[in-house]
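Please have a look at the sequence and structure below before reading on.

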Amino acid sequence: MKTGRLHQRPVTPLLHLLFLLSLITAVVTGASGIRAQEPDTVSAVTQERVGKLDQERIALAREYLRDNPISPPDTSSPRATLESFVYIMNEVNTLWMSVRDSYDNSNRLFLSDEEQEKLVLVEALLSKAAQTFDLSDIPVTSRENASVEIALQLQEILDRIPAPLFEDIPGSPAGSSNKTGDQSSLPEHWTIPGTSITLIRQDTGERHGQYLFSKSSVERIPEDYAVVRVLPIKADRGEDLFEYYIYTPGNLVAPLWYDVIEAGPNFLHQHFADQAYWQWLALIGLFAVYAIALGYYVRWRRMRAVSVHEGTRIVHAILNPILVILAASLFRYLCEDQINITGTPLVAIGTVSTAIIWSATAWMVYQILQLFYVWFSSSSGAARDGLDVSLLRTGFRVFSLGIALIVLGYGATQIGIPIYGVIAGLGVGGLAIALAAQPTIENLIGGIILYADRMVRVGEFCQFDDLAGTVESIGIRSTRIRALDRTLITVANADLAKRKIINYSYRDQFHFRHKLGLRYETSQKALKRVLAAIHVYLEAHDKVVEDPLRVRLISFDDYAVTVDVYAYVQASNMADFLEIQEELLFGIREIVETNGSEIAYPSSTVYLSRDKGLQDGQAAGDSSPAGDNGETQAA
């Protein structure tokens with residue numbers, strides 16, 4: 001229903017009294033029906049019961065009602081509730097019919113400002129009349145439109161049954177100030193004679209102690225109306241306003257284009273399932289248009305190129321739920337305010353469209369929060385630089401998902417799903433879910449451990465027992481590692497947290513240690529010059545740490561004199577270290593060659609000499625062979 005802003009006059013005790021008198025006057029007028037006659041007509045019976053009350057006060061009371069349509073109806077007793085409903089619906093009929101007749105006789109395309117203001121009053125009064133019903137069994141999303149139909153159907157039922165005397169209904173009249181001590185003497189419920197329509201006192205909730213048309217009565221009103229609709233109308237001008245409301249398009253007043261349908265074939269005005277044939281055809285046509293539009297849109301989306309920028313992709317993803325919300329809202333507007341679908345199809349359309357709208361809203365909220373992440377992660381600043389990108393992404397995803405679920409849960413309450421009961425049921429079944437999802441929960445906890453202990457981060461090079469590579473992403477369940485051969489390895493977080501992890505990216509200094517093999521021909525003086533020159537060279541380099549730093553002769557090996565060079569190099573990553581190490585090695589070789597030595601390589605040397613024979617004192621009986629010449633070989 002449309003809503004509007006109404007001018008509200010100050011409420012005074014006099015106006016309350018006038019309102020009470022007008023209610024009493026309205027409900028007793030007309031011996032043939034329960035509804036009062038036209039506002040300007042007062043019967044003889046009315047004159048007798050009103051007594052000395054003048055019609056000016058009654059007019060002021062009616063004016064007060066019109067200027068204050070959002071004031072709650074009096075539901076303090078069965079009589080007050082029924083009187084309130086009757087009088088409100090009388091005002092609705094008066095205003096509604098005046099607007100319809102004025103518009104039909106004008107041949108204007110649109111309603112005038114005055115007519116629109118009157119329709120706003122009609123809608124507000126209909127909402128006020130709906131406050132006399134217990135509508136708790138009707139989904140919130142369909143409650144407003146369904147309450148209008150129920151009010152109009154109840155009005156037509158009361159027009160076709162024998163009118164009860166208000167004096168015989170328990171309780172004080174509507175607006176009566178003499179209510180103290182009256183609640184205890186009132187019955188728990190009261191039924192309109194000859195019907196199953198019952199007024200029940202509410203025991204719980206915000207409307208505790210008020211008398212409302214019961215939930216079962218509200219449910220039976222459409223069935224009762226279907227039974228009595230064939231009976232003659234006793235109390236009004238002979239027109240069934242409910243039929244006019246449900247079988248004509250537009251909001252309360254049929255637009256001019258309805259004349260085309262009225263001039264069409266007669267079968268278009270035949271009824272099926274509380275809808276005219278033309279309404280069913282219009283609904284089917286609307287479904288067909290939406291199906292064709294959806295097919296073309298999906299095809300167009302598939303043909304478009306996907307952007308390489310994550311932010312652009314998310315913006316495009318946000319457009320999808322926005323279009324879904326607009327399309328569902330437009331569909332509901334056309335069904336409710338133009339085609340004017342009513343009854344059970346209206347409830348179904350309202351429920352499905354609301355579910356689609358809230359689901360798309362949750363989807364949109366999730367994508368918007370992801371867009372915030374992309375904006376934050378791409379911006380510069382110390383706040384962003386101090387955060388782990390992977391942790392930030394996972395945190396945003398979890399937060400976005402939580403907010404989206406809250407939005408979706410609220411939308412579920414709008415279509416009548418008891419979300420709090422569902423949550424309680426999930427608590428009962430939580431143990432079974434936890435057992436079934438034990439590996440997933442274990443991996444989730446493993447991922448939290450990786451984040452909490454800050455073992456690894458995205459982009460770091462690490463060794464995990466038998467594998468090594470660069471961490472590409474750390475998700476809720478698993479971690480992806482790009483190995484040295486460029487293969488992508490996925491490891492469960494729980495498994496990774498148990499492994500021995502060597503993180504090379506945390507090194508602040510790289511170890512520079514090499515053993516130089518110099519030729520044996522290098523003289524002692526030259527060797528000392530080489531050691532001193534290398535030490536000075538490393539000490540003077542801005543990337544080499546001064547302590548510890550040593551260059552020492554450590555051994556005489558098989559084919560070389562071995563010198564140990566030991567130092568640490570300041571570098572931010574492996575690539576920088578390799579570049580510095582290359583520079584140092586070139587410099588060391590140049591020093592070796594400049595100071596009269598060379599790098600040794602594996603070789604063998606053969607020395608030839610004459611054998612000196614037996615030594616003096618050798619045993620005479622020694623029969624060891626001796627030659628004139630011999631060879632000694634040294635390597």
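The report below starts with the whole protein and then turns to particular residues.

This is a predicted model, in which local features need pLDDT of at least 70 and side-chain atom pairs count only at pLDDT 80 or more, while totals for chains, interfaces and linings use all residues. Residues are numbered from 1 along each chain as its sequence is written, and side-chain values use heavy atoms, leaving out hydrogens and water.

**Overall make-up**

The protein has 635 residues, and 40% of them are buried; buried means under 20% relative accessible area, exposed over 50%, and partly exposed in between, with a 1.4 Å probe and protein chains only. Its secondary structure comprises 20 helices and 13 strands, taken as DSSP runs (H or I of at least four residues for helices, E of at least two for strands) and numbered from the N terminus. Among contacts with a separation of 6 or more, 67% link residues 24 or more positions apart, a contact being heavy atoms within 4.5 Å. The accessible surface is about 35,800 Å², and carbon and sulfur atoms hold 58% of that; such areas come from the Shrake-Rupley method with a 1.4 Å probe, and for residues only the protein chains shown count as cover.

**Nonpolar cores**

The largest nonpolar core contains 63 residues, and W96, F133 and F213 touch the most other members. Helix α4 (residues 78–104) is its greatest contributor, giving 11 residues. A core here is a set of buried Ala, Val, Leu, Ile, Met, Phe, Trp, Tyr and Cys residues joined through side-chain atoms within 4.5 Å. Apart from this core lies another, of 24 residues, including L516, V569, I580 and I591. Leaving aside residues up to four places away in sequence, the contacts of F213 include T81, L82, F133, L154, I192 and V218.

**Salt bridges**

The structure holds 13 salt bridges, each a side-chain nitrogen of Lys or Arg within 4 Å of a carboxyl oxygen of Asp or Glu. Here are some of them, with the N to O distance.

| Pair | N to O distance |
|---|---|
| D101 and R100 | 3.7 Å |
| R220 and E223 | 4.0 Å |
| E521 and R519 | 3.3 Å |

E521 is exposed at 60%, while R519 is partly exposed at 26%.

**A hairpin and a surface patch**

Strands β12 (residues 550–556) and β13 (residues 561–570) run antiparallel and are joined by six bridges; strands pair if DSSP finds at least two bridges between them. A hairpin of four residues connects β12 to β13, and R550 stands opposite Y566 in β13.

On the surface, L319, I322, L323 and L326 form a nonpolar patch with about 330 Å² of accessible area together. Patch residues have over 30% relative accessible area and no salt bridge, with like charges joined within 9 Å and nonpolar side chains (Val, Leu, Ile, Met, Phe, Trp, Tyr) within 5 Å.
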